[in-house]
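Biologist: I would like to go through this model feature by feature. Please give the general idea each time, then the case at hand.

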Amino acid sequence: MPVHTRTCHICEANCGLLIETEGRRVVSIRGDSDDPISRGHICPKGNAIADLEADPDRLTSPMKRVGEDWVALEWETALAEIGTKFAAIKAAGGAAALYVGNPTAHDFALGMQTGALKKALGVRGVYSASTVDQMPHQLAQYFLYGHNALFPIPDIERTQHL
Ligand code: SF4
């Protein structure tokens, strides 16, 4: 069975994953011992990606709220409707900001596109989970270790006060 080398982007640790599949089915997920940062370690959320993938309630298409109901749309229809509404918002003076939610905030490709999307839509700001709960964390890392992305891994077993 094929094994895919991937990066978990549920959180900023970005652990290396080895995902074994059979067709579309995820057979197993384990840590990648060759990953230079996580070195084979993952948390239960990394393993649970298989459950998310197989969850019968998982959304597999865009959903539109119509009154009290939610209606599944084709991607082309959804994107066309969103484009029309964004054009109207822009014509009326523009949107205030974009919101990028987790885990997309940890997706490098999406992060690279956020600036272009912001410019295209004419928005003034970008908010994310990071702007709410991560900035103090990252500022502390910057002042303590010299870089905002140097995330310390707690040494729980030798910690005397947490
Ligand atoms: S496996 Fe857990 S700790 Fe690692 S990136 Fe995913 S959510 Fe974060």
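Modeller: Helices (H or I, at least four residues) and strands (E, at least two) are DSSP runs, numbered from the N terminus. This is a predicted model, in which local features need pLDDT of at least 70 and side-chain atom pairs count only at pLDDT 80 or more, while totals for chains, interfaces and linings use all residues. Residues are numbered from 1 along each chain as its sequence is written, and side-chain values use heavy atoms, with hydrogens and water left out.

Biologist: Where does Asn 14 lie?

Modeller: Asn 14 is in the loop that links β1 (3-7) and β2 (16-22).

Biologist: What is the phi of Asn 14?

Modeller: Most residues other than glycine have a negative phi. Asn 14 is not a glycine, yet its phi is positive, about 50 degrees. Arg 39 also has a positive phi of about 50 degrees without being a glycine, and lies in the loop between β3 (25-31) and α1 (44-54).

Biologist: Is Arg 39 buried or exposed?

Modeller: Buried means under 20% relative accessible area, exposed over 50%, and partly exposed in between (1.4 Å probe, protein chains only). Arg 39 counts as exposed, at 61% relative accessibility. Asn 14 is partly exposed, with 29%.

Biologist: Which residues are around the ligand?

Modeller: A residue is near a molecule if one of its heavy atoms lies within 4 Å of it. Around the ligand are Cys 8, Ile 10, Cys 11, Ala 13, Asn 14, Cys 15, Ile 42, Cys 43, Lys 45 and Gly 46.

Biologist: How does the shell around the ligand divide by class?

Modeller: Ala, Val, Leu, Ile, Met, Phe, Trp, Tyr, Cys and Pro count as nonpolar, Asp, Glu, Lys and Arg as charged, and the others, Gly among them, as polar. The shell has seven nonpolar, two polar and one charged residues.

Biologist: How far apart are the end C-alpha atoms of helix α2?

Modeller: The expected span of a helix is 1.5 Å times one less than its number of residues. Helix α2 (residues 75-91) has 17 residues and should span 24 Å; its end C-alpha atoms are 24 Å apart, which agrees. After α2 comes Gly 93, with a positive phi near 125 degrees.

Biologist: How many aromatic pairs does the structure hold?

Modeller: Rings of Phe, Tyr and Trp (its six-membered ring) pair if their centres lie within 6.5 Å; planes under 30 degrees apart count as stacked, over 60 as edge-to-face and the rest as tilted. The structure holds one such pair. Tyr 142 and Phe 143 form it edge-to-face, 5.4 Å centre to centre with 70 degrees between the planes. Tyr 142 is partly exposed at 46%, and Phe 143 is exposed at 65%.
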